[in-house]
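User: I am new to this structure and would be grateful for a guided reading, one question at a time.

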Amino acid sequence: MSDNTSANAVVQVEALTVDFWERQAWLNVVNRVSFSIYPGETLGLAGESGCGKSTTGYALFGYRRPGSRFREGAIHFEGRNLLTQSETELRAIRGDKICLVPQNPATTLTPSMRVGQQVVKALEAHHICSGREADERTIDLFAQVGLPQPKAIAKRYPFQLSGGQQQRVVIAMALAGNPTLVVLDEPTTALDVTTQARILKLLARLQAERGMSALYVTHNLGVMAQVADRVAVMYAGELVEVAPTAELFQNPLHPYTRGLIAAVPRLSAPNESKVKLRGLLRREELPQGCRFAPRCPFAQFECFTRPQPLITEGKDHQVACWLWQSVAEKQGVADG
Amino acid sequence: MRYALRLLIPRLALALITLLAVSLAVFWAVEWLPGDAATRILGQAATPERAQVLREKMHLDDPPLTRYLLWLGGFVRGDWGESLVAERPVLDLVLPRLRNTLILATLALILYVPLSLGLGVFTAVFRDRWFAAGLSALILAGTAMPEFVTGILLILVFAVALPWFPPLALIERVKSLPELVHTLALPTITLTIAMTAYAVRMMQGSLVSVLESDYVRMATLKGLPPVRVIQRHALPNALGPALRVTVLNVAWLIGGVVLVENVFNFPGIGQLLVDSIRVLDTAVVEAVAMITAGVYIGANLGADLAAGLLNPRLRAS
Amino acid sequence: MATTTTTLERRAIWPKSLLASLRLSSPVFLIATTLLVVHFLVALTGPFWAPYAATEMLVGKTYEPPSSRHLLGTDNFGRDIFSRVVLGERVVLSLALSSAFIAVVFGSAIGILLAYTLGWVDLLAMRAIEIIISIPPLILALLVLGALSPSYVLIVLTVAFFYIPRVATVIRAATLDVVTEDFVTIARLRGESAWSIGARELLPNVMISVFVEFSLRTGYAVLFIGGLSFLGFGAPPPSPEWGLMINEGRSYISAAPWAVLGPSLALASLVIAVSLFTEGLGERLGLSIRRERVG
């Protein structure tokens, strides 16, 4: 992975900046976020609710919700900038080369259409195949994702399926076009723990089989640790740390990441929490400099005024904190 | 199926009770008429003897409850009595009028369905454009305008100023289909405007929430073309409310048609109601009131049922 | 209506905070309110500056087209239409407002009472109300007004009668939201009488719905009364009520179209203004207006 350069990246996000129009003003939601995803790897995008990770994920489709704008930046995919493509051009990519596994299959499957039809029509729309061939391919896909009696399931409506079944359908839909990149938006939040485990195993297998790259958006660090090869941590619309998964968990450098990891309850040390995350994310109170400063136990005056770019430390580790070294010294290495 | 029955039976019962209540209310209101019905009918030719004879014939001296039950019994059996003014069976009077109104209503509905769907989808899809607020206000104006004012204004513009259409819908003289459409054009348009504006407003909420739903967004992110997204993913889920609104419009038609028929002098059932009330032609009033109330109540019942049945959870079972 | 304080505190929403929340931000709402104010001013001050009396028939001046002396021309009796429209404003608004007022007062009282009592009284009453609402109002109204000699009072009472059950349904629903709150239970436990609770705890909290209903009913009443007058069952001639004027002007519409145009535009503008205002009001106060058909 360390041999990867931007040259062979599947997708390269460059200084992505997104604003939402809210209460008669533009509110910044994603600020100059840059990262790359390489062939076959899963990049985890972590952060708490409202940090802009879902927005970033959807931006990979060239999609922005109504009342928002891409103020700056570019997303390079197959030699094109997705942010400047026309709707027609984007349509060819969406659902075909870049696919979404959404968060809540109960609300993302169209209630009035049988699930088999939903896959078939997508196949036909992308001219992959049609008619009988599409039907067969759909049933095949359903079987691949572990749905029992795929033929019967294909004829059912979404509400007739369980949560786990719906999620598998949605995954099948995403794989239909044999995509290069899959964006997963908290795909297991709506599921119970057992089903979650099964779905994660399924995803891992499919990805390995097909050599797809994936962007895994979640706030659940436990899942992240299982699934991702590298992790990018976002806070208040900015990237604060990027590192390979093991490295991140063993050696978190950014105060926020430390707080996040420390906040994850562990079986070995149930009541320990050396570093607490104070307070809440408040959009209105973001300083010019480091956005985490108001909640950071190590913040100094300069932190509030000096914007923090990502500094590269070591081989693959990037952190957006100029004090990371002194923080590490004060903390010792975080409990791993 | 059992679910459908569970929906239907209590509502049907309530509808029948309501109809009965209407018949009681109408009968009572008519009973309340000051003056003696017999003398009124005989008019100039009234003498005490003749009045008494007529009174007995019409059972006017019997207690009101007896008369009500007599009338109700007859009504249910199809005997709707005789018109006091025209001296013909009420049925003969009512049926042709009913036919006329149904023709008008059908024309209006034919125009209304595509117009309301198209306009509804258009305003929902383009709700963020610069013209959205203006369009919305225009549609609200359409609902707010009283139908008779719309009718009158249409007459002013398209019959008086520009003699394109006849101001009076004299359906009896019509001999062919194109002539029919031409004669009924203005009243049809009047009705359609009112129904469409109402429907579009009512559908807005549900259409927009469907368009902003997760599954429509998902369909977009699957790369499906927008027409397809609207057609196969959005519309089917918005049809429930659309159907309900349409049935409510049909219920409204019964009231609205009275005013519109009056504006255009259209010999329909609405006109008959007004005319018969004006001269207090009791049997006709009661019959027409029952018909119109029946349609009104039936349509409301239909709206409730449609909403319940359109749930896909039932279609599959 | 979110509250961060405990529900033990009464949340009284009286008219002053009502006005405070009426930030006139939307241009449409602003226009509607302005138009409404204009109509009100005309109703209030009309008789002082209308050039002619409503029934003043000018000999030899029938069917005159609009001119500087007669802004909207004259009708078949030689009456100045502009003056009649202006004076009619008062008639239309007072009829509609009175009907709406009575309907809202009685309807709200019933609604609050039913929501508070619940039980089988409520069950029975709601069935009865449902039945009454299902009766098409036009038929019954025509009958009542046709049988008895029409007068302003009769019109107001009839229209109010039809709206009371509808208002009751809406206000009952609004009250049901409040009735389950803690402060009501506490008041009950304190031994407060039903009347006291109704007036002091429940009513202030549904005031918003009451105001919106009042506005809504006024709009519907204008339409209903206009329609009744148009059919000849409403305001008795020679009242300058607009529906009646339109009806009267119909017979000579080709000879003098302005006789119909004046009251038509006035009526349309009033109804549109009230509708837009009610919509805007509802939005600002966080309610969704159930739109029913006038029938």
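Analyst: Helices (H or I, at least four residues) and strands (E, at least two) are taken as DSSP runs and numbered from the N terminus. The model discussed here is predicted.

User: In what order do the elements of chain C run from the N terminus on?

Analyst: The secondary structure of chain C comprises 10 helices and zero strands. Read from the N terminus on, its elements therefore follow, as DSSP runs, the order α-α-α-α-α-α-α-α-α-α.

User: What share of the contacts in chain C with a separation of 6 or more comes from residues 24 or more positions apart?

Analyst: The contacts considered are those in chain C with a separation of 6 or more. Among these, residues 24 or more positions apart account for 74%.

User: Which element gives the most to the side of chain B that touches chain C?

Analyst: The contact draws 46 residues from chain B and 35 residues from chain C. Several elements of chain B give two or more residues to this side, including helix 6 (132-144), helix 8 (177-211) and helix 10 (226-263). By class, this side of chain B has 39 nonpolar, five polar and two charged residues. The most, nine residues, comes from helix 1 of chain B.

User: How many charged residues are on the side of chain B that touches chain A?

Analyst: Here 19 residues of chain B meet 26 residues of chain A. Helix 9 (214-221), helix 10 and helix 13 (312-315) of chain B are the elements that give two or more residues to the side of chain B. Of the residues on that side, nine are nonpolar and four polar, while the number charged is six.

User: Which helix gives the largest share of the side of domain 1 of chain A that touches domain 2 of chain A?

Analyst: The domain assignment divides chain A into domain 1 (6-97 + 179-331) and domain 2 (107-178), with C-alpha centres 30 Å apart. Their contact takes 13 residues from domain 1 of chain A and 12 residues from domain 2 of chain A. On the side of domain 1, the largest share is six residues, given by helix 8 (residues 193-210) of chain A.

User: Within what arc do the buried residues of helix 5 of chain A fall?

Analyst: Helix 5 (residues 131-144) of chain A has 14 residues and spans 20 Å from its first C-alpha to its last, close to the 20 Å expected. Its buried residues are Ala134(A), Thr138(A), Ile139(A), Leu141(A) and Phe142(A), and their cover includes helix 4 (115-125), helix 6 (150-154) and helix 7 (163-175) of chain A. Arg132(A) and Asp140(A), on the other side of helix 5 of chain A, are exposed. The buried residues line one face of the helix because, seen down its axis, they fall within an arc of 160°.

User: Which residue in the turn between strand 1 and strand 2 of chain A has a positive phi?

Analyst: Strand 1 (residues 11-22) and strand 2 (residues 25-37) of chain A run antiparallel and are joined by nine bridges. Trp21(A) stands opposite Trp26(A) of strand 2. The two strands form a hairpin with two residues between them, and the turn residue with a positive phi, about 50°, is Arg23(A).

Key:
Residues are numbered from 1 along each chain as its sequence is written. Chains are lettered from A and ligands numbered from 1 in the order in which they are written. This is a predicted model: local features need pLDDT of at least 70, side-chain atom pairs count only at pLDDT 80 or more; totals for chains, interfaces and linings use all residues. Two strands pair if DSSP finds at least two bridges between them. Two residues are in contact if their C-beta atoms, placed from the backbone, lie within 7 Å. Ala, Val, Leu, Ile, Met, Phe, Trp, Tyr, Cys and Pro count as nonpolar, Asp, Glu, Lys and Arg as charged, and the others, Gly among them, as polar. Domain bounds come from an automatic or database domain assignment. The expected span of a helix is 1.5 Å times one less than its number of residues. A residue is buried if 20 or more other C-beta atoms lie within 10 Å of its own, exposed if 12 or fewer, and partly exposed in between; C-beta atoms are placed from the backbone. The arc is that of the directions from the helix axis to the C-beta atoms.
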